[in-house]
Amino acid sequence: MAAVTLQDVAVRAGVSQATASRVLNGSSRIPGEGVADRVRTAARELGYVPNAQAQALARASTGLLGLIVHDIADPYFSSIARGVQAAARTARKQVLLASTERDYDIERESVSTFIAHRADAIVLAGSRQSGHLDRDLEAEFGRYQDNGGRVVVIGQPLAFGSAVEPENHSASGELANALVAAGHTQFAIIGGPGSIRTAVDRRNGFVEALGRCGLTPLVEVSGDFTRDGGFSAARRLAAALQLHPDAGGPPTCVFAVTDVMAIGAIAAWRGLGLQVPRDVCIAGFDDIPTLRDHTPSLSTVALPLEQIGARAIELALCSDIDGLRERVAGQVVLRDSTKLP
């Protein structure tokens with residue numbers, strides 16, 4: 001059975017095809033209500049399905065927003081995506097999602113695909129890496145913005161578009177100060193890849209704050225920005241510090257640059273017979289939702305992740321503002337994982 005066409009609807013309603021198109025495709029030039037009602041009734045009776053591309057041309061907008069994240073399975077990104085989705089729904093927009101697994105070729109492909117689908121705006125969520133990768137994107141986004149597209153980054157600002165930037169450096173420094181104030185004197189670091197700017201900013205903010213207190217980390221190790229990366233790094237850190245169950249003395253306090261890495265670290269130490277916080281303490285960063293069910297409760301820096309996602313969409317849809325940079329503060333939350341005896 002052939003699909004119902006716009007011409008079929010126009011004939012049934014007794015109007016021109018152009019008139020039927022203006023009614024059904026969202027043009028601002030809609031005819032009188034009686035005519036519009038006839039067209040809609042004819043479309044409903046015939047089972048006509050509007051052409052999304054034609055509607056986009058009529059409205060000069062597809063109603064689509066692109067969201068690109070590094071890993072949708074990571075609660076950090078899924079929380080941001082939830083905020084994006086809520087704000088988009090309020091604005092009567094639909095979200096296209098791409099998860100890149102930190103593969104920057106996939107990121108560029110996703111950007112090109114969203115541009116080809118005429119997305120009204122694109123949100124990039126996640127830490128940036130080396131500069132040449134961002135320059136590749138800059139050329140792609142330059143053409144997109146010249147044609148009315150809008151770009152918002154969640155993370156470190158790029159040379160183009162707007163940005164919502166968590167205060168990773170200063171907030172990790174505040175965490176270090178709070179842990180020192182709580183009585184900790186021995187520290188170690190589980191960092192992320194040196195090419196990821198979020199990992200570097202958090203590590204540097206923490207270490208610099210320790211330095212101002214006259215302290216230096218005993219050991220620094222790094223791993224992938226994942227739970228398994230934290231697991232592997234924690235085993236190496238335990239060997240370097242020669243951690244043993246019931247060793248006595250004040251426990252070393254470890255800063256992991258993400259909560260998911262901290263969770264992996266705790267699992268690794270549990271397998272070695274080490275208990276948190278008896279044998280080793282640990283703090284993370286992000287305050288991901290899954291921490292509510294985690295034991296021991298994890299000290300961290302809380303970021304309003306859903307609000308960050310929602311604010312990115314608000315900036316993306318604000319047509320009179322471009323290049324706006326907003327910083328989001330974190331809040332230090334000390335819990336059982338850093339509690340001293």
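**Strands, then helices**

Mentor: Strand 4 (residues 150–154) is mostly covered, with 5 of its 5 residues buried. Buried means under 20% relative accessible area, exposed over 50%, and partly exposed in between, for a 1.4 Å probe and protein chains only. Helices (H or I, at least four residues) and strands (E, at least two) are DSSP runs, numbered from the N terminus.

Trainee: Before we go on, what kind of model is this?
Mentor: This is a predicted model, where local features need pLDDT of at least 70, side-chain atom pairs count only at pLDDT 80 or more, and totals for chains, interfaces and linings use all residues. Residues are numbered from 1 along each chain as its sequence is written, and side-chain values use heavy atoms, with hydrogens and water left out.

Trainee: Ok. Which residues sit on each side of strand 4?
Mentor: Arg 150, Val 152 and Ile 154 are on one side, Val 151 and Val 153 on the other, and both faces are covered.

Trainee: How many bridges tie strand 4 to strand 3?
Mentor: Strand 3 (residues 121–125) pairs with strand 4 in the parallel sense over 5 bridges. Two strands pair if DSSP finds at least two bridges between them. Ala 125 has Ile 154 of strand 4 as its bridge partner.

Trainee: And what about strand 5?
Mentor: Strand 5 (residues 162–166) pairs with strand 4 over 3 bridges, in the parallel sense. There, Val 153 is bridged to Ala 163 of strand 5.

Trainee: New topic. Which residues of helix 8 are buried?
Mentor: Among them are Asn 168, Ala 171, Leu 175 and Leu 179. Helix 8 covers residues 168–181. Just after helix 8, Gly 183 takes a positive phi of about 115 degrees.

Trainee: Where is Glu 174?
Mentor: Glu 174 is in helix 8. Glu 174 counts as partly exposed because its relative accessibility is 39%.

Trainee: What does Glu 174 touch?
Mentor: Leaving out residues up to four places away in sequence, Glu 174 touches Gly 330 and Val 332. Contact means heavy atoms within 4.5 Å.

Trainee: Last one. At roughly what angle do helix 1 and helix 2 cross?
Mentor: The axes of helix 1 (residues 6–13) and helix 2 (residues 17–24) cross at roughly 105 degrees and come within 8 Å. Axes are lines fitted to C-alpha atoms, for helices over the stretch in contact, and angles run from 0 to 180 degrees between N-to-C directions.

Conventions:
Expected span 1.5 Å × (residues − 1).
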